[in-house]
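Please read the following points with the structure open beside you, taking the residues one at a time as they are named.

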Amino acid sequence: MSKPLRPANADGTYCFRIGNSLRGRLTCTPRPIPSDAVETEAKRFEPVPGRLTIYLVRKRWGDAINVVRVAIDGASAVDTVPESFVRWRLPAGRHHLTVTWPEGSAALDISGVAGEVLFVEVIGSVWSWGSNYRLEPGDTAESRRRAMTLRLVADRG
């Protein structure tokens, strides 16, 4: 059984918490997140006719503190927090994803057809001397399983 998701803050933003209530650290989205109803709909992982759907999943044990910005085709940037996911509905074809964080950036090219659902995983690790992230195509079944326990922080398209 997974722990329940933290509710959104009164201003609509969402904070991921690591640590206990006395010495915890919060990593918060700078903008409001989608409603619970949108999140529930997104977790059905249904294709959209005429559009390519891309889910970006961020859940790794070594990635627990940074706000990481992800953009598609140099636009449509979203800020992610640990243990979150994003959904984009885009025109079919080739797309360029970039992830940026204070110490660097990484990229991944991905392509798909209309009506297809693809997953991309943010693989990150944070150490006392810095952090590192990369993007990888996700396994559909595993990425769906991961996303079911995460908070939707952005929904575009």
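A residue is called buried when its relative accessible area is under 20%, exposed when that area is over 50%, and partly exposed in between. By that rule D36, with a relative accessibility of 55%, counts as exposed. Please keep in mind throughout that this is a predicted model.

1. A salt bridge across the chain. The side chains of R151 and D36 meet in a salt bridge, with 3.5 Å from N to O. This pair links distant parts of the chain, since R151 belongs to strand β11 (residues 151–156) and D36 to helix α1 (residues 36–42), 115 residues apart.

2. D155 forms a salt bridge with R87, and the closest N and O atoms of the pair are 2.7 Å apart. Because D155 lies in strand β11 and R87 in strand β6 (residues 84–90), the pair ties together parts that are 68 residues apart in sequence. D155 counts as partly exposed, with 21% relative accessibility, while R87 counts as buried, with 3%.

3. R94 is in strand β7 (residues 93–101) and D109 in strand β8 (residues 104–112), so that the pair links distant parts of the chain, 15 residues apart. Here R94 is exposed, its relative accessible area being 61%, and D109 is partly exposed at 41%.

4. Salt bridges that share partners join D36, E39, K43 and R151 into one network. The count for the whole model comes to 15 salt bridges. As background, side chains of opposite charge can pair when their charged atoms come close.

5. Strand β9 and its partners. How many of the 11 residues of β9 are buried? Eight of them are, so β9 is largely enclosed by the rest of the structure. Strand β3 (residues 52–58) pairs with β9 in the parallel sense over five bridges, and within this pairing the bridge partner of L56 is V120. β9 pairs with β10 as well, but in the antiparallel sense and over eight bridges, with P137 in β10 as the bridge partner of V120. β9 and β10 form a hairpin that has two residues between them.

6. The loop and the surface patch. W129 lies in the loop between β9 (117–127) and β10 (130–137), and it is exposed, with a relative accessible area of 70%. Together with W61 and W127, W129 makes a nonpolar surface patch of about 550 Å².

7. S131 has its place in strand β10 and counts as buried, since its relative accessibility of 11% falls under the 20% limit. A polar contact of 2.4 Å joins the side chain of S131 to that of E103. When its neighbours within four places in sequence are left aside, S131 is in contact with N66, W101, E103, S125 and V126.

How values were computed:
Residues are numbered from 1 along each chain as its sequence is written. This is a predicted model: local features need pLDDT of at least 70, side-chain atom pairs count only at pLDDT 80 or more; totals for chains, interfaces and linings use all residues. Side-chain values use heavy atoms; hydrogens and water are left out. Patches are made of residues with over 30% relative accessible area and no salt bridge: like charges are joined within 9 Å, nonpolar side chains (Val, Leu, Ile, Met, Phe, Trp, Tyr) within 5 Å. Accessible areas come from the Shrake-Rupley method with a 1.4 Å probe; for residues, only the protein chains shown count as cover. A salt bridge is a side-chain nitrogen of Lys or Arg within 4 Å of a carboxyl oxygen of Asp or Glu. Helices (H or I, at least four residues) and strands (E, at least two) are DSSP runs, numbered from the N terminus. Buried means under 20% relative accessible area, exposed over 50%, partly exposed in between (1.4 Å probe, protein chains only). A polar contact is a pair of N or O atoms within 3.5 Å; within protein, one must be able to donate a hydrogen and the other to accept it, and residues adjacent in sequence count only if both atoms are side-chain atoms. Contact means heavy atoms within 4.5 Å. Two strands pair if DSSP finds at least two bridges between them.
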